[in-house]
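Dear colleague,

I am handing over the structure below, together with notes on what was found in it. Please read the notes with the coordinates open beside you.

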Amino acid sequence: MSEEKYFQERARIEQGHVKYRDKLREEGKLFVRDRLKLLLDPGSEFEEDWLFARSQEPDTPADGVVTGVGKVGGRSVSIMANDYTVKAGSWGEKTIQKIVRIQEKAQRRQVPLLYLVDAAGGRISEQIKVFPGRFHAGRIFYNEVQLSGVVPQVCILFGPSPAGSAYLPALTDVVIMVDGKASLYVGSPRMVEMAIGEKVTQEDLGGARMHCTVSGCGDVLVASDEEAIETAKRYLSYMPQNFKERPPMTDATDPKPGRPIDEIVPYDQRKYFDMYEVIDRIIDAGSWFEIKRLFAPEVIVGLARLGGRAVGIVANQPKVKGGVLFVDSSDKAARFIWLCNAFNIPLVYLADVSGFMVGSKVERAGIIRHGAKMIFATAQATVPKISVVVRKCYGAGLYAMCGPAYEPDAALALPQGQIAIMGPEPAVNAVYYNKIMELPEAERAEYVRQKREEYQADIDIGKLASEMLVDDIVPGSLLRSELIKRLQYAETKQHEFPPRRNGVFPV
C-alpha cells in the first residue's frame, strides 16, 4: 500500500458511512469521532488500535467501533466508542474482539475505561461468530466483572443498547443516559408484543427517563450528547486511576452561601427540612455530583469535595417520605457505598432517619433483604467513614447510616441529635399502652406527656455523649471544619477484613 493510498484508506474508514451522518444530525446526535473530540483533551494524541479491522469490506469500516487510549483531564483512559453509522453500531466479530482487547489493555495499564455506547446489539447474521464462544460477546461482560473495583468503568449511553448488550451498561460503575435518545431493554417493543402481547413504546419500555426514575439502571439523566460527555469528565475528576491510588486533590473552595445549619435543622422532629441545604453548607461550592437523583429520592448519594478532598455523601432526605429507607433507597445507598469503598473515597453519612419502612407491602417487597444490603455495604467499607446524626437516628437506620457499631472513624451529632430504637411518641404508646388504657380518660394525656418527657431525657444527645455513645457534639457552624479535620487525620487508616473468597451478599 502506497503512502497516498494509506491516507485515503484511513480517511475513508474514519468518516464511517457518510450517508448516515445526516440522520444522526437530524436526531440531535453527534458522530462518534466528534464525541471523541469533545471527550479528549485538546491537542492530545489518541492512540487508536485496530482501525483497519474489516477494512477489506466496504460496509463495515472499523467494524463499527473505535477503540484506543487517550487523555481526559490530563490522565490516560481507555475508550470504546460505537459508530452508529456502521450497521447501527451493532456488534460483529471484529467489534467484539476490539472491545475485549481494549478491556485487556485497561487491565494491564490500570487506567479507567469509558464505554461510549450507541449500538443495536449483536448481529444476528454473525451470531455463530459473536455469541456463544469463549472470546465472543459474553467475554465483554466477563471482563467487566474482572475490572469491577479495579479501574473506574464509565458508560455514556447515547442511544440504544438492547438485548444481551444491555448488560454492558449494567455492569459499569455509572451510567449516564441522554434523555429521549438512550434506551436499554432486554426485549424490544416488537419482541415484547410478540412474546407476551403487551403493546408499549420504546420510551416507556426502556427509555432513559424511565431507567433514571423507575428501574434505577440509569444514574445520571442528561439532555444532550455534549452534556453527557461533560458529565463523564466531571465524574472522572473524583476518581483515581485504579483501586491502588487515592482520588486527586484540588484546591479548596468555600461552601455555597446560605442559611446556617443551625437555622436549617429544626429541633422539632416532626418538622421536615431540606438536606440539600445542609450539604451545601458543608461541601466546597460547585463540587456536588449527584448520582441517581431521580431514583429513590428519600436518600441522597453523591460525590463532592470537602476542603479539596473527594468524598462520598450518603444522606437521608426528610423532605421526601420523611427520609425513611425503602427497598429502592437501600439498594441505591448500598451500591454507592460499594463504589466509594472500591476507589478509596471517604464516606460521610448525614443521618435524619426514623428507620426502615414498615408494613405488608414493603415486607413482601423484601425490605429486610434490601435493608440488609445497605447494612452489609456499610459494615464492609474500610475507607474513612464519618457518621453525623443531623437530627434523629432511630432503629436499624442507625446501623445503615454507620452508627458506632460499624466502625466509623467518628460518630458525631449536632445539638439537635437523638439516637433511639424509636421516637418518643411510638415508644410511649408501645411500652405503656396497657397502662394508658387502664387510666381514666381525663388522666391519659398528662400521663403520656410525662412519659414522653422522660423518654426524651433518656435519648438526649448530652446524655448519649456522657455515655460515650457519640464521639463529639458539633454545632452546625463548626461541622464543615470538623469534617475536614477528621478526614485529614483519617487518611492513614488501615483496616482489613479477614481473607475470604467473597461475602455472601443479601441480594
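In the protein chain, the mean position of the 65 positive charges and that of the 66 negative charges lie 4 Å apart; here Lys and Arg count as positive and Asp and Glu as negative, while His and the chain ends are not counted, and each charge is placed at NZ of Lys, CZ of Arg, CG of Asp or CD of Glu. Please keep in mind that this is a predicted model, in which local features need pLDDT of at least 70 and side-chain atom pairs count only at pLDDT 80 or more, whereas totals for chains, interfaces and linings use all residues. Residues are numbered from 1 along each chain as its sequence is written, and side-chain values use heavy atoms, with hydrogens and water left out.

As to the overall fold, the protein chain contains 22 helices and 17 strands, taken as DSSP runs numbered from the N terminus (H or I over at least four residues for helices, E over at least two for strands). The radius of gyration of the protein chain is 26 Å, close to the 23 Å that the globule rule gives for 507 residues, so the chain is as compact as a globular protein of that length; the radius is taken over C-alpha atoms, and the rule is 2.2 Å times the number of residues to the power 0.38. Along its principal axes, the C-alpha trace spans about 100 × 55 × 45 Å.

The accessible surface of the protein chain amounts to about 23500 Å², with 54% of it belonging to carbon and sulfur atoms (Shrake-Rupley method with a 1.4 Å probe; for residues, only the protein chains shown count as cover). Of the 507 residues, 53% count as buried, where buried means under 20% relative accessible area, exposed over 50%, and partly exposed in between. Among contacts (heavy atoms within 4.5 Å) between residues at least 6 apart in sequence, 73% join residues at least 24 apart.

His 17 sits in the loop between helix 1 (3-14) and helix 2 (21-26) and is buried, with a relative accessible area of 14%. Its side chain reaches the backbone oxygen of Asp 59 at 3.0 Å, and, leaving aside neighbours within four places in sequence, His 17 is in contact with Pro 58, Asp 59, Thr 60, Pro 61, Thr 85 and Val 86.

Pro 247, in the loop between helix 11 (225-237) and helix 12 (261-264), also counts as buried, at 13% relative accessibility. Beyond its neighbours within four places in sequence, its contacts include Tyr 238, Ala 310 and Phe 343, and its C-alpha atom is separated by 9.5 Å from that of Leu 236, 11 residues away along the chain.

Two residues other than glycine have a positive phi. For Ala 88, phi is near 55 degrees; this residue lies in the loop between strand 3 (75-82) and helix 4 (93-109) and is partly exposed, at 23% relative accessibility. For Lys 321, phi is about 55 degrees; Lys 321 belongs to the loop between strand 12 (309-316) and helix 14 (327-342) and is exposed, with a relative accessible area of 53%.

Finally, Glu 467 is found in the loop between helix 21 (461-466) and strand 17 (472-473) and is exposed at 52% relative accessible area, while its C-alpha atom is 70 Å from that of Asp 22, 445 residues apart along the chain.

With kind regards

Terms used:
Buried means under 20% relative accessible area, exposed over 50%, partly exposed in between (1.4 Å probe, protein chains only). A polar contact is a pair of N or O atoms within 3.5 Å; within protein, one must be able to donate a hydrogen and the other to accept it, and residues adjacent in sequence count only if both atoms are side-chain atoms.
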